[in-house]
Amino acid sequence: FDELLKRGIGRLVGSYEPDNELKIAIHFSYPSIHGAWIVDGKIFPETQNNDSETLKQYNRNRDGWVKILHDAGLGFGFISYSSIKSGGLLSDGYKVLILPMSYALSDSEVQQIEAFVRQGGILIADALPGVMDDHTRIRSERTLSDVFGIRAQTYTREELITPAGESNLKAREAKVLLKENKVSQILHYNFGMGSAYLLNYFMDAYPEEKLNQTNTSSLRKIRKLLARENLESSILLTTGKGEPANGVEKYSFSEQGSSARLLGLLPGKTGEDEEINLHLDQSVHLYDIRNKKYLGEGNDFKIKVKISVPELFGLVRGTIDNIEVDAPSMLSRGETMKLDFKVAGEGSADLRSVVRIDVYDPEGAYTLYYSDNCEVVNGSGTHNFSTALNDLPGQWKIKLTEVISSTEKEIKFQLQ
C-alpha cells in the first residue's frame with residue numbers, strides 16, 4: 001500500500017480506463033439471474049436464507065468467462081439488458097457480445113441481438129440462451145435459433161437445473177466445429193454479415209481449472225474460436241518457446257488522447273519465475289514503473305516475471321526526459337506555494353500521468369500534509385499548498401517524480 005499511495009501508482013492506474021480495444025461486451029442480466037434461481041431456488045422461512053445450486057453455477061460461469069478472457073489477453077466490458085434493449089450494442093460500437101448462461105432474454109433484446117449480428121457483430125453464447133423471456137417464463141420455443149442456425153425446441157424446468165449443456169442440441173444450418181463424445185460442443189453459423197457461436201457447455205468449471213492449473217484445454221478452445229474471427233489483442237505475451245504465456249494475466253489501460261498506455265502483468269501463484277516475450281503492434285518506449293527502469297524502444301521486449309509478483313509498465317509514444325517547474329523562490333510564512341510543472345520529452349505533449357510531490361522542511365523532515373500525488377493532463381499539472389505561520393523558516397525542498405518514468409526534479413525555496 002505504501003508503494004501504491006506514496007509513489008502515486010494507485011492514482012496513476014485510477015486515472016486510466018481498462019482497455020476494451022476489441023469492443024467485447026458481456027451480457028449482464030438480472031432476469032437471467034432470477035431465472036437461474038427460480039428453477040431450483042429454496043427459501044428457508046425460519047432463517048430467511050435461500051439457496052439455489054443453479055444460481056451458484058450461474059455465478060461461477062460468469063466468473064469463468066471473466067477469467068478466461070483475461071487469460072486470453074482480452075479486455076471487455078459489461079452491458080446491461082436495458083442497454084441492449086435501447087440499441088446500445090450498435091450505438092456503442094460493440095463488435096462482440098457474450099451471453100453467459102443468459103437464460104432470460106426479452107423480445108426487445110432478441111431483436112437487438114439479431115440486428116447486431118446481421119450487421120456484422122459476433123455473438124458467442126454458452127448453452128441454453130434465451131430459453132426464458134424477461135419474466136422468467138419458459139418459452140414455448142427458444143429464441144435466437146435462427147441466429148445460431150439450430151433447431152428450435154422447448155425445455156422443461158428440470159432441464160434447466162445445473163445443466164452441463166444441451167443434450168438434444170440439433171444443428172440446422174450451423175456447422176459443428178467441435179464434437180466430444182459424439183456430442184456437438186461448438187457450433188458456428190454465419191447470420192447476415194456476422195457470426196454466431198454456440199458453446200454447448202458452460203464456463204462454471206474454469207475458475208477451479210485455473211486454480212488447479214488444468215485450464216489449458218478450455219483456454220485453447222476459446223483461443224481457437226477467437227482466432228477464427230481475428231480477435232487478437234495488440235499486446236501479446238508468449239513464452240520462450242513462442243507459446244501463449246497462459247500463466248500470466250494481462251491487464252491493459254488507456255485514456256483517450258493520451259500518449260501512453262499502462263500494462264499490468266499478474267503471474268500465477270504457482271510455477272517458476274520465467275522470462276516472457278512482450279510483442280506489441282507498434283513501437284513504444286517501455287518503462288518498468290515498479291522497478292523504475294527504462295527498457296528501451298521497440299516492438300518486442302523480454303520481461304522477467306516472478307510468481308505472485310505483479311508488474312506495471314508504461315508504453316509511451318516518446319521519451320519522458322525532464323520536469324520543468326515554475327514556482328516562486330521565496331515565500332513568507334502564511335503565503336501559498338503555487339507550483340506549475342510540465343513534463344518534457346517526445347512523449348509528453350499528450351501525456352496522462354501522475355507527478356509525486358514530496359516536500360521537506362529545512363531540517364530535512366518530510367511534510368506529509370504539503371505532499372501529494374498530482375495528475376498530469378496533456379503533459380502539465382499544478383500543485384498548491386498554504387504554508388503555516390509557525391512553519392520553520394529557512395530553505396525548503398520540493399522533490400517532483402513523474403511516476404511512469406521515475407524522472408525527478410528538485411527545487412528549493414526560501415521561507416521567511
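## Close-up views of a predicted model

**View 1. Ser-406 and the residues it touches.** Leaving aside residues up to four places away in sequence, Ser-406 is in contact with Arg-7, Lys-292 and Thr-401. This is a predicted model, so please read each view with that in mind. Ser-406 sits in the loop that links strand E23 (394–402) to strand E24 (408–415). Is Ser-406 buried or exposed? Its relative accessibility is 17%, and because buried means under 20%, Ser-406 counts as buried.

View 2

**View 3. The pairing of E20 with E23.** Zooming in on the sheet, we find strand E20 (residues 353–360) joined to E23 in the antiparallel sense, over six bridges. For a handy landmark, look for Val-359, whose bridge partner in E23 is Ile-398.

**View 4. Helix H3 and its buried residues.** Helix H3 covers residues 30–38, and its buried residues are Pro-31, Ser-32, Ile-33, Gly-35 and Ala-36. What do these buried residues pack against? Their neighbours are strand E2 (24–28), helix H4 (53–71) and helix H5 (81–85).

**View 5. Where H3 crosses H4.** The axes of H3 and H4 come within 7 Å of each other, crossing at roughly 140°. That angle makes H3 oblique to H4. On the H3 side, the contact is made by Ser-32, Ile-33, Ala-36 and Trp-37, which meet Thr-54, Leu-55, Tyr-58 and Arg-62 of H4.

**View 6. Where H4 crosses H10.** Staying with H4, we turn to its contact with helix H10 (residues 216–228), where the two axes come within 10 Å and cross at roughly 70°. H4 and H10 are therefore roughly perpendicular to each other. Trp-65, Ile-68 and Asp-71 from H4 meet Ser-218, Leu-219, Ile-222 and Arg-223 from H10. The residues of this contact of H4 with H10 comprise four nonpolar, one polar and two charged.

How values were computed
Residues are numbered from 1 along each chain as its sequence is written. This is a predicted model: local features need pLDDT of at least 70, side-chain atom pairs count only at pLDDT 80 or more; totals for chains, interfaces and linings use all residues. Side-chain values use heavy atoms; hydrogens and water are left out. Helices (H or I, at least four residues) and strands (E, at least two) are DSSP runs, numbered from the N terminus. Buried means under 20% relative accessible area, exposed over 50%, partly exposed in between (1.4 Å probe, protein chains only). Contact means heavy atoms within 4.5 Å. Axes are lines fitted to C-alpha atoms, for helices over the stretch in contact, and angles run from 0 to 180 degrees between N-to-C directions. Angles under 35 degrees count as roughly parallel, over 145 as roughly antiparallel, 65 to 115 as roughly perpendicular and the rest as oblique. Two strands pair if DSSP finds at least two bridges between them. Ala, Val, Leu, Ile, Met, Phe, Trp, Tyr, Cys and Pro count as nonpolar, Asp, Glu, Lys and Arg as charged, and the others, Gly among them, as polar.
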